[in-house]
Amino acid sequence: MAVTMQELKVLPAFSRLSPLALEHIAGTAHYLPFAAGFAFYQQGDPPTGLFSLLSGQVKFYRHSKDKIQILYVLHEGSTFGAESLPNDMPSPCGAQALTPGTSIYLPPNELHKLLLEHPDLLFMQLELVTKQLRQFTSLVHSLAFRDVSARLAENLLKLKSYPTKDGFCIERTFSQQDLAAMVGSAREVVCRTLKKFEKEGVLRLERSSIIICDLNRLKEIADQEIR
Amino acid sequence: MAVTIEDLRSIPILAQTVPDDLDTLAELMVTRFYAPDELIFLEGNTPSGIWFILKGQVKIIKVGSGGRIQALCIASSGKCFGTCPLFNQNGNPANAQALTEVTLLMLPQEDLEYLMKNNIRLAWVLLKIYSQYLAQLARLSESLGSLSVSDRINDCLLHHAAHTDSQLVVSLTHEKLAELAGTVREVVSRHLSELAEQNVVQLEFGRIILLNPSALHLPCLAEKK
C-alpha cells in the first residue's frame, strides 16, 4: 500500500517539507508493520534508511560485552535512522521495537538520492541529527554528574505517561532490565531504588504499570547532581 | 588574517569540497588564535558558529554543578567542533577550551545558516560532520553507562594513542585522562600504575607508551573508529 502525503505531513519531522519533497517521499516510502522485539537495525550494520513511527515504541541502544546501554526510547511520531548514511560508516547504534507498531520506511539508497535533490529534506535531516546530538549531550551529562536515583527519576519522567485519578501512569512496555539499561546501572540497583521511591511515597509499583504519585518530588530527585 | 584555500584543504572533511565552495568558505571564515587554557566558548552562551582546528588541540567539556569535569572529546588539528544551534535556542551545549596554542577557522553563525539553506553541497558536508559527532557521543554515552572505570580508561588510552618513533604514545596528563574517562586523577594514576606493573604500559613524564595495546582492547568495542 502506498504511503499518502497526508500521512507523512502529520509526522512532526516531515511537517515543514515542500509538497514536491513529500510527493517524492510518498512515492518511495512504504509501510513496515513490526512486532515487539523486532530489530530495525543493529550496531555495526551498513547505513540504514529513515524510519518514522506511526505507532509503537522503539529503544535506541548500544552494546558491548554483554551489557546494553539504552540511549533513549522513541515514541509514535518520532523519526530515526540513517545516522551513518552521510559518512557511509557502520551504524553507531541499534534500534529495536519495545512494542508492536507500524513505521513508514524510506530505504537508504532512495533517501540518499532524495537528500541531494531536496534541500528542505536535507535541512530536516540536519535538524534530526542536531536534536539527537542534544539528547546525547544531556545523556552524557546525567551519566557523568548524576547518581542512580537521579537518573532513574529522570528516565521515569521521560517515559510516556497519562494522568489517572491516583497520579501519572506509566505502562510497563519495558522490562526491569530495559529500565536498568536506560539508567546505566544493574537491574538489582534499579529495583532497589524503585522500592525506595515507593517507600517514600513518590510512586507506586503495580504489576503492569508504575504510578507516579508525587511528580514534583520526582522532578526534584531528577535534578540533583553529585557534589 | 585571511583564510586560504590551502588552510581549508588541510581539513579532511572539506577535502572533497569543490573549488567554488572552498572560495565561498575562505571568504566567509575568520581566523582566531587562543592561548593554552583560554576559553573559546561557554555552555549556554549564544553560539558564534562552527569551528575548524588548523593547529593545536581543543577540549570540549561539560561541567557539573559540583565542579567536576566530563570531557566530551579532545579534538586535534583537522577536526571541527561546535554544534548547530540553529534549531533550538538553548545556546552552546558545552564549553570549549584551548589545550595548547590553537589556530582556528570559524564560520560565523549567520553565514552557516545561509549556506545550510542555500548550498546543498555544503549542507551535506555539515550533515557528515554532525553524523560523526553523533557516533562519537553515542560511544561516550555507552562507555559512561555500561563500562567499568578501568575499561573506560583503557578505551581512552587506545582512542588517543598516536604513533611516534614506532611507538604508540598517549600524550595526555592523568588529569585529562580522568576528565575523558569520567573519573578522578587518583583513580587514573592507580590504574596506570597497575598497567605499568603488568608491562602493558610504560609511564614517562607527560606521556604514556602503550607496550601491549591488545591487552587494553574490549572485545566488542574493537570496531572501526
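Does B:Phe52 count as buried or exposed, and at what relative accessibility? I looked it up in this predicted model, where local features need pLDDT of at least 70, side-chain atom pairs count only at pLDDT 80 or more, and totals for chains, interfaces and linings use all residues. Side-chain values use heavy atoms, without hydrogens and water.

**Entry 1: B:Phe52**

B:Phe52 counts as buried because its relative accessibility is 4%. Buried means under 20% relative accessible area, exposed over 50%, and partly exposed in between (1.4 Å probe, protein chains only). I found B:Phe52 in strand E3 of chain B, residues 49–55. Strands (E, at least two residues) and helices (H or I, at least four) are DSSP runs, numbered from the N terminus.

Next I checked contacts, meaning heavy atoms within 4.5 Å. Beyond four places in sequence, B:Phe52 touches residues including B:Ile11, B:Met29, B:Cys80, B:Leu105 and B:Ile129. I also looked at B:Tyr133, 81 residues along the chain from B:Phe52. Their C-alpha atoms are 14 Å apart.

**Entry 2: the second largest pocket**

I moved on to the second largest pocket, which holds about 670 Å³ of space. Closest to its centre, out of 32 lining residues, are A:Tyr72, A:Leu74, A:Ser78, A:Lys131 and A:Gln135. A pocket is an open set of points on a 1 Å grid over the protein atoms alone, where a 1.4 Å probe fits, with protein on both sides within 12 Å along at least five of seven lines; lining residues have an atom within 4 Å of a point.

H4(A) gives the largest share of this lining, 10 residues. Where does the pocket lie? It lies between domain 1 (5–143) and domain 2 (146–223) of chain A, because both give residues to the lining. The domain bounds come from an automatic or database domain assignment.

Conventions
Residues are numbered from 1 along each chain as its sequence is written. Chains are lettered from A and ligands numbered from 1 in the order in which they are written. Grid points are joined across faces, edges and corners, and a volume is the space filled by probe spheres set on the points.
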